[in-house]
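Q: Could you walk me through how to read a few features of a protein model?

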Amino acid sequence: MAIKVFADGANLEGMLDMYENGNVQGFTTNPSLMKKGGVTDYRAFAKEVLAHITDVSVSFEVFADDVETMEVEAREIATWADNVYVKIPCVTTKGESTSELVRKLSADGIKVNVTTIFTPTQVDEMVEAVDAETPSIISLFAGRIADTGVDPIPFMTESVKKAAAKPNCEVLWASTRELINIYQAEACGCQIITVPNSILAKRKNIGRDPYEVSLDTVRGFAKDIAALGLHIQPKARVPPAATCQIASFQHGKDFYQLVEARNGPRFGPKTPKRGPLLLLWPSEEPRGYREMLNTRNFARREEGDVRFGGYLP
């Protein structure tokens with residue numbers, strides 16, 4: 001695929017593992033991820049990441065909520081390494097656009113990743129603001145748009161067309177929700193998509209036969225059912241398998257007659273019972289006999305040429 005896959009993360013070990021395995025082509029971070037990852041020293045964390053990851057882009061976000069302090073932080077972050085992109089939210093918490101700050105930083109050669117973009121107007125402002133010669137990224141939160149019940153595909157497709165006016169501006173599909181989003185993002189023309197680890201792990205399923213996935217799903221359900229140990233009907237109505245003594249076989253007609261039932265609840269009183277035989281075995285115990293008792297009924301006769309018979313009670 002032509003689209004570049006970036007990983008969201010703020011866990012150094014996980015980031016390095018993905019980097020060394022060549023699973024991704026870049027990284028992004030944000031304050032929420034850092035909080036979740038337990039980062040306590042932003043600068044130290046960033047420096048350690050950049051000491052190991054040197055040849056793909058890494059985006060670090062400003063923390064300030066006013067444009068003036070954002071600029072100070074952005075210029076500081078930009079000095080940390082050549083492969084750093086500075087993440088700038090497109091608005092402050094008061095709804096103030098950061099387009100003029102983006103314009104100033106980009107004109108000074110600072111690579112920006114403008115984030116939290118949701119509307120066509122925001123796309124227009126930021127595409128116009130970034131410098132044509134300086135590499136930049138605009139991050140559109142397609143997944144969160146979809147969470148509102150709106151199809152993000154038209155918005156993403158149109159935004160890619162708008163960004164084409166600035167050849168060094170790449171469109172990033174953010175807030176990925178499922179594996180198919182990678183294909184959708186590429187079809188829209190996005191150059192980048194950020195993918196969480198939980199979805200990256202599903203790439204092993206690409207190309208799998210749907211029938212095999214169906215079987216695996218059913219097996220997973222069965223495993224969970226067994227672990228739960230629950231029953232839809234009372235246990236008394238689902239008696240265990242029984243092993244009973246055979247009094248005689250009616251050879252040629254494959255019928256058995258039971259005179260001793262060792263599991264009374266299944267067969268009731270110890271009265272003779274007859275029924276069709278399903279299977280017959282000679283003197284040797286059948287393979288898997290003990291396991292078969294869990295699902296089938298077996299009768300036993302110690303003498304003669306037939307020792308075991310499978311039957312329906």
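Q: What covers the buried residues of α6?

A: Cover is read from contacts, meaning heavy atoms within 4.5 Å. Here the cover of α6's buried residues includes α5, β5 (112-117), β6 (136-140) and α8 (153-163). Helices (H or I, at least four residues) and strands (E, at least two) are DSSP runs, numbered from the N terminus. This is a predicted model: local features need pLDDT of at least 70, side-chain atom pairs count only at pLDDT 80 or more, and totals for chains, interfaces and linings use all residues. Residues are numbered from 1 along each chain as its sequence is written, and side-chain values use heavy atoms, with hydrogens and water left out.

Q: Which residues of helix α6 are buried?

A: Buried means under 20% relative accessible area, exposed over 50%, and partly exposed in between (1.4 Å probe, protein chains only). In α6 (residues 120-129), Gln122, Val123, Met126, Val127 and Ala129 are buried. They lie on the same side of α6, because their arc around the axis is only 160°; the arc is that of the directions from the helix axis to the C-beta atoms.

Q: Where is Glu96, and what is it in contact with?

A: Look for Glu96 in the loop between β4 (84-89) and α5 (99-107). With a relative accessible area of 45%, Glu96 is partly exposed. Beyond neighbours within four places in sequence, Glu96 is in contact with Val67, Cys90 and Val91. Asp66 is 30 residues from Glu96 in sequence, yet their C-alpha atoms are 8.7 Å apart in space.
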